[in-house]
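Open the structure in your viewer and keep the selection tool ready. We will go from stop to stop, picking residues as we go.

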Amino acid sequence: EEEEEEETEETKQQPIDPKDFISAVSVINDVTMPKLISAVSTALSAITGEVEPKESSLVWKMYRAACKECWKQLIKQARKGKRFSMDRLATQAHTGWSLVSRLQWDKQEYGIAPPPRELQHNQTDGKWNRELFDSDAAFDAYSQRYDEASSSFDSLDIAVKQKYRTIAEVELDIFLQHNPAWKHLRVKHRQMGLYTLLVNKGCVAASIEQESHA
């Protein structure tokens, strides 16, 4: 009888599998895209000093695409119920950002847009040619975005990666606020310096569960 009691106590002390929490949740609570974009742009403004983009701007559309792709990857990871990978979330955010920055003209940055036919035919290997732009500064701004969009996430500079990692951190924070059952999952590939900065700036909430598995 004593042995049976000891086994029972050991069983009670076993850690609860995160999947047990997740399986009890039938629906993942979604978050509206405007809320995600607002939180992300506020966070990026807080750590970089950049002005938050207006909703009609191309930069805002870049945020929207990045947030949308990152959120889709976040839901995918959540449904698997194993772990959250900040690398994959950030990479997917970069994918969304790149789709918009490569294919749309920015009137504010580049000037008046040429006719669609000119944009289609006046390019080399998918990149618009210099003659489409009114100034070197406009072409340089476009070239910088094009190069960032054309590069793989791993090849980006650390400072540029931080933008996409910030998107991932903010979205994960919002997801866990609305879906607490997933707080027990491990978080891999987190950049603790960035995470701590975002916590100190009030952009994300500090989490004991997340920090212990960082």
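**Stop one: a serine and its contacts**

Select Ser41, then show its contacts beyond the neighbours within four places in sequence: Glu52, Pro53 and Tyr63. Contact here means heavy atoms within 4.5 Å. Ser41 sits in helix 3, residues 33-48. Helices (H or I, at least four residues) and strands (E, at least two) are DSSP runs, numbered from the N terminus. Is Ser41 buried or exposed? Ser41 is buried, with a relative accessible area of 6%. Buried means under 20% relative accessible area, exposed over 50%, and partly exposed in between, using a 1.4 Å probe and protein chains only.

Before moving on, note that this is a predicted model, where local features need pLDDT of at least 70, side-chain atom pairs count only at pLDDT 80 or more, and totals for chains, interfaces and linings use all residues. Residues are numbered from 1 along each chain as its sequence is written, and side-chain values use heavy atoms, with hydrogens and water left out.

**Stop two: across the sequence**

Now pick Ile28, in the loop between helix 2 (18-23) and helix 3. Ile28 counts as buried, at 13% relative accessibility. Leave aside its neighbours within four places in sequence, and Ile28 is in contact with Ile75, Ala78, Arg79, Phe175, Asn179 and Trp182.

Ala181 lies in the loop between helix 9 (158-178) and strand 4 (186-188). At 15% relative accessibility, Ala181 is buried. Ala181 and Ile28 are 153 residues apart in sequence, yet 9.6 Å apart in space, C-alpha to C-alpha.

**Stop three: an arginine in helix 9**

Go to Arg165, in helix 9. Buried or exposed? Arg165 counts as buried, at 12% relative accessibility. Leaving aside neighbours within four places in sequence, the contacts of Arg165 include Met86, Asp87, Phe153 and His189.

**Stop four: two helices**

Two packed helices are described by the angle between their axes and the distance between the axes. Select helix 5 (residues 86-103) and helix 8 (residues 136-150): their axes come within 9 Å and cross at roughly 140°. That makes helix 5 oblique to helix 8. Axes are lines fitted to C-alpha atoms, for helices over the stretch in contact, and angles run from 0 to 180 degrees between N-to-C directions. Under 35 degrees counts as roughly parallel, over 145 as roughly antiparallel, 65 to 115 as roughly perpendicular and the rest as oblique.

Which residues meet? From helix 5 come His94, Trp97, Ser98, Ser101 and Arg102; from helix 8 come Arg145, Tyr146, Glu148, Ala149 and Ser150.

**Stop five: the rings**

How many aromatic pairs does the structure hold? There are 16. Rings of Phe, Tyr and Trp (its six-membered ring) pair if their centres lie within 6.5 Å; planes under 30 degrees apart count as stacked, over 60 as edge-to-face and the rest as tilted.

Show Trp105 and Trp128: the ring centres are 5.5 Å apart and the planes are at 50°, so this pair is tilted. Trp105 is in the loop between helix 5 and helix 6 (107-110), and Trp128 is in strand 3 (residues 127-128), 23 residues apart.

Finish by selecting Trp105, Tyr110, Trp128, Phe133, Phe139, Tyr142 and Tyr146, which form one aromatic cluster.
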